[in-house]
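I set out to record the build of individual chains and the contacts between them. The entries are kept in the order in which I looked things up.

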Amino acid sequence: MENERKLEEFQQKIDANIKIEPKDWMPEKYRQTLIRQISQHAHSEIIGMQPEGNWLTRAPSLRAKKILMAKIQDEAGHGLYLYCAAETLGVKREQFLQWLHEGKAKYSSVFNYPTLTWADMGAVGWLVDGAAIVNQVSLQGTSYGPYSRAMVKICMEESFHQRQGFEIMVQLAKGTKEQKQMAQDALNRWWWPSIMMFGPHDSESAHSNQSLKWKIKRESNDELRQRYINKTIEQGHHLGLTFPDPNLKFNEETKNYDYSPIDWDEFWNVVKGNGPGNKLRINHHIKAHEDGKWVREAAKAYSEKINLSKKTA
Amino acid sequence: MSSDDQGILWEVFIQVKAGRAYKHVGSLHAYDKEMAMKSARDLYTRRNEGNGIWIVKAEDIVSSEASDGEAFFDPSNDKVYRHPTFYKIPDGVKHI
Amino acid sequence: MKDELIDYCLRLGDSSLILSHRIAEYCSKAPILEEDLAITNVGLDLLGQAENFLNYAANLKGNTNADLLTFKRREGDFRCLHLVQTPNTDFAFILARQFFMDCYHQILFKKLLNSKDETILGISKKAIKEVNYHLDRSSDWIKRLGLGTKESNERIQNAINDLWMYTDELFTDNSTDLSMEKNKIAPLSSSLKDEWSQMVVNTLKDSEIEVPEDIYYSLKYGKDGFHTEYLGYILAEMQHLPLLYPDATW
């Protein structure tokens, strides 16, 4: 069968770590998985601008303000690289935005949690960006060319994001009593959501096997999660703060940190759309989109007028 | 289908230093080339990566087909005499 | 002279600071992703300019720094222009405000390249490169909105009309201006008006936007410490944390 041969050749390419490019033949399921995954990754970056944007105007020093502004801007940029990578698969950005607004597309549910204090800027940068980095470094090896190249570019820019967050935590942890409490409170609230960013356990993850076979994913959810936990706990020791998990313990045998079972009810509830910020985040995005419609129409109309006048000139 | 219009897709090439080749760095949406050029600068040269920018409408790019592969590229592979490493130059001969 | 120099630096620093702050409020709300990125670049440049002027003012004052000036000063001690305090009503207002300020900044920084004050000269050298780009951007948007659709033309016309009254302040001279001119540190604000008007009117005409009438408004100005009602709210948000935790460093 023609298809079987193509599928075999495709798998050989994957196994040989040859990148798949937009014009290459690919199984329809591969294409669909990537369309969903890359665009949802893009949506996550864009929605992620909101919880941090929430504190931009209250940043308590000029340095903190400009760094946070640059970070949020980077996130917009990352979303942009990812939308463009997703578009190579034959779907336009307008469609991705429509799916997002209709609730047909998801984004990382971690961004549905509210940022309640300045310390959240530290926790989000340190933990959420920290988790994202572990995932993105792994994805640099993803099989789809445009996605892989976007990841390489993003990884280069991302490391300052985590340092920015950690620096805030350091500052607070060694500050006044209230600042230290603020930092501890933020860590308490963001730790579990950051761990859940890696998705369900491998045993519960339905699509994982195929994704791994096609090297869309290079490592499993649990592998990445454990890597993140190990490195983050060590960082946390420097802060003199405690993690909200009484069962966190270094396992001498496995050389990994053991941790309490994750509350998956909470996770699925938020993924389904019942988190504290789900409606808020989407409505904000929809509003910006609708408020800006007349601007996009004007820019388009102007471009068409210019083109017309060039042709008739 | 959405009634929204996010503009045309453009591919961006950056020349990092004068004299070097232009390298593809990514894409963006804009309604015309003036907007596209400005956006390219804002998007792709925030960290001083740029000395020159080229923008091209994605639809204008002509690319080789994946299936062209063998016929297109393999013949170059066996003409090793095109590479300087093919030639043996006695030791001590300079500037060659 | 020193007091006037400090006052002048605060005027330039505070204006860029508050304008940058207004842009920060707009983060994640732009009509298209590329614009969100671009306008944030402008905001970052302005923040940098603000910091430079506030640092200088702080050095001249002694016993303070740019952060203390930003986060602990009372409203009446700010010297920002009214124009930058105006809110982000819609994209047209944001761009009209930006365009007016970009024209002003370009003309001013060009003249400040002749300043006898080394620091101001240095700040202006850097700022002019940024401002040239800002003006290129904002004037382009004015044209796009003016000539785009009927709706965009109406909206930008409306914004230009409403913001026009705030432009007077850019060109009036107070004792600070007189002192700066006398000491060859900065030009009189009034000396910028003709060039600014020409620049603005040309762009408006090219964009099918009518130039509003020049009426005299009896306003007390931000550069003298009298502000719009907007500034109080801006500062309440901006200064909130350092005021709530006075002993903390951030």
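The entries below cover two chains, their contacts and one selected residue.

**Entry 1. Ground rules.**
I note that this is a predicted model, in which local features need pLDDT of at least 70 and side-chain atom pairs count only at pLDDT 80 or more, while totals for chains, interfaces and linings use all residues. Residues are numbered from 1 along each chain as its sequence is written, and chains are lettered from A and ligands numbered from 1 in the order in which they are written.

**Entry 2. Chain A.**
I looked up the secondary structure and found 12 helices and two strands in chain A. Helices here are DSSP runs of H or I with at least four residues, strands are runs of E with at least two, and both are numbered from the N terminus. Their order from the N terminus is α-α-α-α-α-α-α-α-α-β-β-α-α-α. The radius of gyration of chain A is 21 Å, close to the 20 Å that the globule rule gives for 313 residues, so chain A is as compact as a globular protein of that length. This radius is taken over C-alpha atoms, and the rule is 2.2 Å times the number of residues to the power 0.38. Along the principal axes, the C-alpha trace of chain A spans about 70 × 55 × 35 Å.

I then checked burial, and 45% of the 313 residues of chain A count as buried. A residue is buried if 20 or more other C-beta atoms, placed from the backbone, lie within 10 Å of its own. Of the contacts in chain A between residues at least 6 apart in sequence, 73% join residues at least 24 apart. Contact means that the C-beta atoms of two residues, placed from the backbone, lie within 7 Å.

**Entry 3. Chain C.**
I counted 11 helices and zero strands in chain C. Its radius of gyration is 18 Å, close to the 18 Å that the globule rule gives for 250 residues, so chain C is as compact as a globular protein of that length. The C-alpha atoms of chain C fill a box of roughly 55 × 40 × 35 Å along the principal axes. Buried residues make up 51% of its 250 residues. Among contacts in chain C with a separation of 6 or more, 74% come from residues 24 or more positions apart.

**Entry 4. Chain A against chain C.**
I found 37 residues of chain A in contact with 40 residues of chain C. On the chain A side, α2 (28-56), α3 (62-87), α7 (177-196) and α12 (293-312) each supply at least two residues. The most comes from α3(A), with 12 residues. By type, the chain A side divides into 18 nonpolar, 12 polar and seven charged residues. Nonpolar covers Ala, Val, Leu, Ile, Met, Phe, Trp, Tyr, Cys and Pro; charged covers Asp, Glu, Lys and Arg; the others, Gly among them, are polar.

**Entry 5. Chain C against chain B.**
This contact takes seven residues from chain C and nine residues from chain B. On the chain C side, α2 (33-61) and α6 (118-147) each supply at least two residues. The largest share, four residues, comes from α2(C). The chain C side divides into three nonpolar, one polar and three charged residues.

**Entry 6. C:D102.**
Is C:D102 buried or exposed? C:D102 counts as buried because it has 23 C-beta neighbours inside 10 Å. C:D102 lies in helix α5 (residues 91-112) of chain C. Neighbours within four places in sequence aside, C:D102 is in contact with C:V131, C:H134, C:L135 and C:S138. I also looked up C:D102 and C:E181, which are 79 residues apart in sequence and 22 Å apart in space, C-alpha to C-alpha.

Methods
Buried ≥ 20, exposed ≤ 12 C-beta atoms within 10 Å, placed from the backbone.
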